[in-house]
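Please look over the sequence and structure first.

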Amino acid sequence: MSIWALLQGFGLGASLIIPIGAQNAYVLNQGIKRNHHLTTATICSVCDVIFISLGIFGGGALLSSNETLLTSVTVGGILFLLFYGSLSLRSALKPQNTEEQTQQVTARGRRAVILGALAVTVLNPHLYLDTVVILGSIGGQFEGSDRVAFAIGTIFASFAWFYTLSIGAAKLGPTLSKPKVKRGIDLAVAAMMLFIATHLANGLWIQYVA
């Protein structure tokens, strides 16, 4: 097993996973609230294991070669990003005191958190466009044990990032949960979701209309 292939997998995996998106925003928010944040990190990481493996060991080539399927994933992702971005924008604009935030955290159980983590993972277009297609196409160029090493590297990057983000947010929770800071995070997430959705929509427009 090649250490170089493993390091390549870790570096590329980290470069695709770390940029903020719906998945990272959800993990961050659950960490700030300390609301089943380790469960959230685990679900996101395990889902990445499944889809990274599918991409590297054949699924990526299947998705990228099926134009209709890839377009459907992109359109669904655009709608999801717009919806998630609107939720973040509404949260940023809604006046909310510390007591109300605490009540919301307490009311949200493990089941709701798990369903939310699955939604921001499975409905996230970047899971398919980046994790499956890009990692799959690059990982597919490796052979034998090197391909396994590349996959392990990308999977380790996922676990390392999500747990670091979750635990770090939990430790910094008292600071990050201050109304002004939280509002800034929500606005940044909303802007990023809108930017990504616009970028994906522009790509479809160029492909089918322009």
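Contact here means heavy atoms within 4.5 Å. The model is predicted: local features need pLDDT of at least 70 and side-chain atom pairs count only at pLDDT 80 or more, while totals for chains, interfaces and linings use all residues. Residues are numbered from 1 along each chain as its sequence is written, and side-chain values use heavy atoms, leaving out hydrogens and water.

**Gln23**
- Gln23 touches Cys44, Asp48, Val120, Thr121, Asn124 and Phe162, leaving aside residues up to four places away in sequence.
- With 10% relative accessibility, Gln23 counts as buried (under 20% relative accessible area; exposed is over 50%, partly exposed in between, with a 1.4 Å probe and protein chains only).

**Helix 2 and helix 8**
- Gln23 is found in helix 2; helices are DSSP runs (H or I) of at least four residues, numbered from the N terminus.
- The axes of helix 2 (residues 22-33) and helix 8 (residues 144-171) come within 7 Å and cross at roughly 35 degrees; axes are lines fitted to C-alpha atoms over the stretch in contact, and angles run from 0 to 180 degrees between N-to-C directions.
- Among the residues making this contact are Gln23 and Val27 of helix 2 and Phe162 and Leu165 of helix 8.

**Aromatic pairs**
- There are three aromatic pairs, counted when ring centres lie within 6.5 Å; planes under 30 degrees apart are stacked, over 60 edge-to-face, the rest tilted.
- Phe142 and Phe150 are stacked because their ring centres are 5.0 Å apart and their planes at 25 degrees.
- Phe150 is buried, at a relative accessible area of 1%.

Note on methods
Helices (H or I, at least four residues) and strands (E, at least two) are DSSP runs, numbered from the N terminus. Rings of Phe, Tyr and Trp (its six-membered ring) pair if their centres lie within 6.5 Å; planes under 30 degrees apart count as stacked, over 60 as edge-to-face and the rest as tilted.
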